[in-house]
Amino acid sequence: MKVIRNNIIPFGRYGAINLFGVIFAKRYVKLTPETLNHEAIHTRQMRELLYIPFYFIYVGEWLWHLIKNRGNSYRSYHEISFEQEAYRHGDDLNYLRHRKPFAQWQDHSTVQ
């Protein structure tokens, strides 16, 4: 997975973002194996959904949760199904070896 370090992307307080399988990270952010695994899970999700639909669904879910959570963007971000899966399994560095397709919609327990 390619990593591009810079001081612009991602915006705001986030330290890293995965765009089309490329990680953009702030220069000062330490990318641990767990963080890289979290982002690799997102890359697998993107590939399954052929990239562009992933982003439409991601933003759609975030907006839905934002309305439901009355503007709480932090909570809404953590309730996105893609983030739920990536946070739930980020510490399991072997997860992608046994991950089932579309797993983001198969386990509905909440991670925060």
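Modeller: A residue is called buried under 20% relative accessible area, exposed over 50%, and partly exposed in between (1.4 Å probe, protein chains only). The model is a predicted one, in which local features need pLDDT of at least 70 and side-chain atom pairs count only at pLDDT 80 or more, while totals for chains, interfaces and linings use all residues. Numbering starts from 1 along each chain as its sequence is written, and side-chain values rest on heavy atoms, without hydrogens or water.

There are four salt bridges in the structure, the criterion being a side-chain nitrogen of Lys or Arg within 4 Å of a carboxyl oxygen of Asp or Glu. I will begin with those that share an arginine. In one of them the side chain of Arg99 meets that of Glu48, with 2.5 Å from N to O. Helices (H or I, at least four residues) and strands (E, at least two) are DSSP runs numbered from the N terminus. Arg99 has a relative accessible area of 9% and is therefore buried, whereas Glu48, with 22%, falls into the partly exposed class.

Arg99 also forms a salt bridge with the side chain of Glu85, again given as 2.5 Å from N to O. Here Glu85 is contributed by helix H4 and Arg99 by the segment after H5, so this pair ties together parts that are 14 residues apart in sequence. Glu85 is buried as well, its relative accessible area being 1%. Taken together, Glu48, Glu85 and Arg99 are linked in a network of salt bridges.

A further pair brings the side chains of Glu79 and Lys68 to 3.0 Å, N to O. Because Glu79 is placed in the loop between H3 and H4 while Lys68 is in helix H2, the contact ties together parts that are eleven residues apart in sequence. The two partners fall into separate accessibility classes: Glu79 counts as buried at 12% relative accessibility, and Lys68 is partly exposed, with a relative accessible area of 45%.

Turning from the side chains to the backbone, I start with the strands. Three of them form an open sheet with mixed pairing, in the order E1-E3-E2, where two strands pair if DSSP finds at least two bridges between them. E1 (2–6) and E2 stand at the edges with a single partner strand each, so that one side of each has no neighbour in the sheet. Between E1 and E3 (residues 22–26) the pairing runs in the parallel sense, over five bridges. Within that pairing, Val3 has Ile23 of E3 as its bridge partner.

Most residues other than glycine have a negative phi, and most peptide bonds are trans. In this model, however, the peptide bond that runs from Ile9 to Pro10 is cis, with omega near 10 degrees, and Pro10 is found in the loop between E1 and E2. Phe20, in the loop between E2 and E3, has a positive phi near 55 degrees although it is a residue other than glycine. With 46% relative accessibility, Phe20 counts as partly exposed. Leu50 likewise has a positive phi in a residue other than glycine, here near 60 degrees, and its place is the loop between H1 and H2. At 65% relative accessibility Leu50 counts as exposed.
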